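Subject: A structure for you to look at

Hi,

Here is the structure I promised to pass on.

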Amino acid sequence: MKKLFRRGHCLAGALAVVLLTMSLTVGQASAADNRYGGVEALTATGKVLTGPAAIEYYEQSRRGIKEQGQCTERQNFSGDMSGLCSGAKVVVINAMKMPFIARNINKAISEEDYPMVLNRVDPAQRQVNYTASCMMFVKKYRDGSCDEYPFASSRQGGLFGGRRARTEEVPRREQNCQGGTISRAYQQQNIVFGEEYGVVLIGTNSIPSGPYIGEDVAKDPSCDA
């Protein structure tokens, strides 16, 4: 089990929201216990919880943001990405669809301490951030594209806090998929300029061990919402 997030964060001044590792496979679409068996939570006090205990901790934290009983974390991560069943707003990146982008995000957060809570910026600043991140990028493969984390569309992207966003080469298809995923999340959850949101990875057992070498290895190359 990959440990993606090393500490809790407070969203909108609420309780510390713990971040989850979802190790999903194609065959685990219906059984909740199987689907959430790979969840790991790190509490604000440093205690590691796994499985159902991690889910319960996360749900309790979410209820500090939204009224108890409206929704559960299982509902949110089993397909409702509208934000209606989520106390905190999130952008969800599916590693089965975007494995190399998920790899870049995973490495940025878990190994290099980049933030997983971001703030949306306007299109003009997004372009400034993307240029700052990828201006020196030279692709090695015909279909390669520069991926950056934190996202260029976030305040933490580009050059922020004295360092540039982490970059890796990824397939162009993944970049297109990610762009649509982020745009839908912004629209569906009404994430406005300046507002904060969390970045969550699912399907993390699909993250490749090595960088992109010219082959798209996505288990699910579609990019449906």
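Below is what turned up, starting with the aromatic rings.

This is a predicted model, in which local features need pLDDT of at least 70 and side-chain atom pairs count only at pLDDT 80 or more, while totals for chains, interfaces and linings use all residues. Residues are numbered from 1 along each chain as its sequence is written, and side-chain values use heavy atoms, with hydrogens and water left out.

The structure contains four aromatic pairs (rings of Phe, Tyr and Trp, the last by its six-membered ring, with centres within 6.5 Å; planes under 30 degrees apart are stacked, over 60 edge-to-face, the rest tilted). One of them joins phenylalanine 100 and tyrosine 212: the ring centres are 5.4 Å apart and the planes stand at 70°, so this pair is edge-to-face. It connects distant parts of the chain, since phenylalanine 100 is in helix 4 (residues 99-110) and tyrosine 212 is in the segment after strand 11 (196-202), 112 residues apart. Helices (H or I, at least four residues) and strands (E, at least two) are DSSP runs, numbered from the N terminus.

Phenylalanine 100 is buried, with a relative accessible area of 3%, and tyrosine 212 is buried at 5% (buried is under 20% relative accessible area, exposed over 50%, partly exposed in between, with a 1.4 Å probe and protein chains only). Phe100 and Tyr212 also form one aromatic cluster with Tyr141.

How do helix 4 and helix 6 cross? Their axes come within 8 Å and cross at roughly 70° (axes are lines fitted to C-alpha atoms, for helices over the stretch in contact, and angles run from 0 to 180 degrees between N-to-C directions). That makes helix 4 roughly perpendicular to helix 6 (65 to 115 degrees; under 35 is roughly parallel, over 145 roughly antiparallel, the rest oblique). On the helix 4 side, Pro99, Phe100, Ile101 and Ile105 meet Arg173, Glu174, Gln175 and Gln178 of helix 6, where contact means heavy atoms within 4.5 Å.

Finally, some backbone details. The peptide bond from tyrosine 149 to proline 150 is cis, with omega near 0°, and proline 150 lies in the loop between strand 7 (144-149) and strand 8 (159-160). Aspartate 113 has a positive phi, near 65°, though it is not a glycine; aspartate 113 is partly exposed, with a relative accessible area of 36%. Asparagine 190, in the loop between helix 6 and strand 11, likewise has a positive phi, of about 55°.

Best wishes
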